[in-house]
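This report goes through selected features of one structure, from its sheet to its backbone geometry. The sequence and coordinates come first.

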Amino acid sequence: MSFEISEELIERHNRRLKPALDRGWAGFERELKRRGTNPQRLFLAARPFVVAVPSWGLAAGGTRFGRFPFPGEPRHLYEKLDDAATLHRLTRQNPTVSLHIPWDQTGNPAALRAYARQLGLSFDAMNSNTFQDQPGQKLSYKFGSLCHTDPAVRGQAVAHNLEVIEIGKKLGSRALSIWIGDGGNYPGQVHFRRAFDRYLESLEQIYAGLPRGWRLYLEHKPYEPAFYFTVNADWGASYLAASALGPKALCLVDLGHHLPGTNVEAVVARLIRQKKLGGFHFNDAQYGDDDLSAGSINPYRLFLVMNELQDAAQDPAVKNFHPAFLLDQSMNLKDPIEDLIQSTEALFRAFSKALLVNRPALHRCQEKNDPVMAEQILKQAFETDVTPLVQRVRFSNGGAIDPLALFRQSGYRPAKIKERG
Ligand code: PSV
Ligand code: MN
């Protein structure tokens, strides 16, 4: 019998912290009422927040210079699901896992799905991988995959994506996410227009294989592994491709995939306007695609992104707005469960603060060209301490009031060191 954080342990932890939470909530409620905000309505709006966990974020990630495994890390996908279930039991905000094929050897998808269901988990977007060669692979992706000059390589990459869809169908997923590294390192190496034509042609074949109700997410990134030119480098290229394909194709915004200085929240608003925002890979970055914990570097930017999402969610003119929330971060130094607790909380805080924005007042300031008061409205929401709300939502969903503290106290990782080595 492997060690688990039991419901009883969570209840005991919550019983201890509940009086302090109640005191905090009473003060928070008073402050909201003073501002004319209905606390119960805020609570109900915040309560459904969830974010998917990347399978590749559950074990130690690597840098280009190496990977440092940590004791007790999951040895295979089933153990990764055990850790994801532990995370979800603590937060009640991480009910789905996003898989990456072939990094995740599914073997028997039906058995995997049954195991996940037993743990209270299901599967989010599937990710294909044609940015690396796999052992035994027939044709190399050294010079590209979906955009390769050789139709046989493109065919192999398309077939891989169709196979990922098939696996996803068996797992109950409803989306395929494609990120490719195709591009070039040297001026002259790649014919820009033809490479994009080939990208579209390959994507059309994948799009045609999408089952009913599925979405295709196209993820852009300015550079790496291609350092001079990347085919899907920015939101513009991504938007062109998604538009050419049709309504099931949407753009996915990875927060780390923008050049320094890019106004990411404006990119988000533009994609919403074009009905092409599919979802997010949340993380944070200091320099480039750093895959650091969400909200660890620039929580204000995260709030501004959430603010655009709330603005759209509350706008009756924006229809069918359900952007997917996924984390995409890779940890070298932290325990991944602790990291994911921190990131989930940072996202939920930003989300909650965006709910606090006095939107009618903000719109009035925008119309009247009052930059000072408009900014004040955002700042007031951002600077509000939403801890009581965050804790109350977690508690009422059955999670832990302080998931990080409980995770440490539970002895989960030391128990896993004994079990997994
Ligand atoms: C690429 O840097 C990326 O953001 C894509 O989402 C990949 O699927 C993921 O990272 C792999 O680590
Ligand atoms: Mn990503």
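## Model and sheet

The model is predicted. Eight strands make up an open sheet, and their order is E1-E4-E5-E6-E8-E10-E11-E12. The pairing in this sheet is parallel. Strand E1 (53-54) and strand E12 (324-327) are the edge strands, each of them pairing on one side only.

Within the sheet, strand E5 (residues 122-127) pairs with E6 in the parallel sense over two bridges. Here Met 126 stands opposite Leu 176 in E6.

## Strand E8 and its two partners

Strand E8 spans residues 215-219. Four of its five residues are buried, so E8 is largely enclosed by the rest of the structure. The cut-off behind this is that a residue counts as buried if 20 or more other C-beta atoms lie within 10 Å of its own.

E8 pairs with E6 in the parallel sense over four bridges, and the bridge partner of Ala 175 in E8 is Arg 215. E8 also pairs with strand E10 (residues 249-254), again in the parallel sense and over four bridges. Two of the residue pairs can be named: Tyr 217 has Leu 250 in E10 as its bridge partner, and Glu 219 has Leu 252 in E10.

## Helices H5 and H6

Helix H5 (residues 151-171) packs against helix H6 (residues 192-208) at an angle of about 35 degrees. The two axes are 9 Å apart, and the crossing of H5 past H6 is right-handed.

On the H5 side, the contact is made by Arg 154, Ala 157, Val 158, Asn 161 and Leu 162. On the H6 side, Arg 198, Ser 202, Gln 205 and Ile 206 meet them. By class, the residues of this contact are four nonpolar, three polar and two charged.

Which residues lie around ligand 1? They are Trp 56, Asn 127, Trp 179, Glu 219, Lys 221, Asp 254, His 281, Asp 289 and Asp 328. This shell divides into five charged, two polar and two nonpolar residues.

Some of these residues belong to strands described above. Asn 127 falls within E5 (residues 122-127), Glu 219 within E8 (residues 215-219), and Asp 254 within E10 (residues 249-254).

His 220 is found in the loop between E8 and strand E9 (229-230). Is His 220 buried or exposed? His 220 is buried, because 24 other C-beta atoms lie within 10 Å. Leaving aside neighbours within four places in sequence, the contacts of His 220 are Asn 232, Ala 233, Asp 234, Trp 235, Ala 237, Ser 238 and His 257. The C-alpha atoms of His 220 and Phe 348 are separated by 25 Å, and these residues are 128 residues apart along the chain.

Ser 6 lies in the segment before helix H1 (7-35). Ser 6 is exposed, since it has 11 other C-beta atoms within 10 Å. Ser 6 and Thr 86 are 80 residues apart along the chain, and 9.4 Å separates their C-alpha atoms.

## Backbone features

Most residues other than glycine have a negative phi, and most peptide bonds are trans. The peptide bond from Ile 101 to Pro 102 is cis, with omega near 10 degrees. Pro 102 sits in the loop between strand E4 (96-100) and helix H4 (109-118). Glu 224 and Pro 225 are also joined by a cis peptide bond, for which omega is about 10 degrees. Pro 225 has its place in the loop between E8 and E9.

Glu 224 is found in the loop between E8 and E9 and has a positive phi, near 85 degrees, although a residue other than glycine. Glu 224 is partly exposed, with 14 other C-beta atoms within 10 Å. Lys 275, which is not a glycine, has a positive phi of about 60 degrees. Lys 275 belongs to the loop between helix H8 (264-273) and strand E11 (277-282). Lys 275 is partly exposed, with 14 other C-beta atoms within 10 Å.

Conventions: Residues are numbered from 1 along each chain as its sequence is written. Chains are lettered from A and ligands numbered from 1 in the order in which they are written. This is a predicted model: local features need pLDDT of at least 70, side-chain atom pairs count only at pLDDT 80 or more; totals for chains, interfaces and linings use all residues. A residue is near a molecule or strand if its C-beta atom, placed from the backbone, lies within 6 Å of it. Ala, Val, Leu, Ile, Met, Phe, Trp, Tyr, Cys and Pro count as nonpolar, Asp, Glu, Lys and Arg as charged, and the others, Gly among them, as polar. A residue is buried if 20 or more other C-beta atoms lie within 10 Å of its own, exposed if 12 or fewer, and partly exposed in between; C-beta atoms are placed from the backbone. Two strands pair if DSSP finds at least two bridges between them. Axes are lines fitted to C-alpha atoms, for helices over the stretch in contact, and angles run from 0 to 180 degrees between N-to-C directions. A crossing is left-handed if the near helix is turned anticlockwise from the far one by less than a right angle, and right-handed if clockwise. Two residues are in contact if their C-beta atoms, placed from the backbone, lie within 7 Å.
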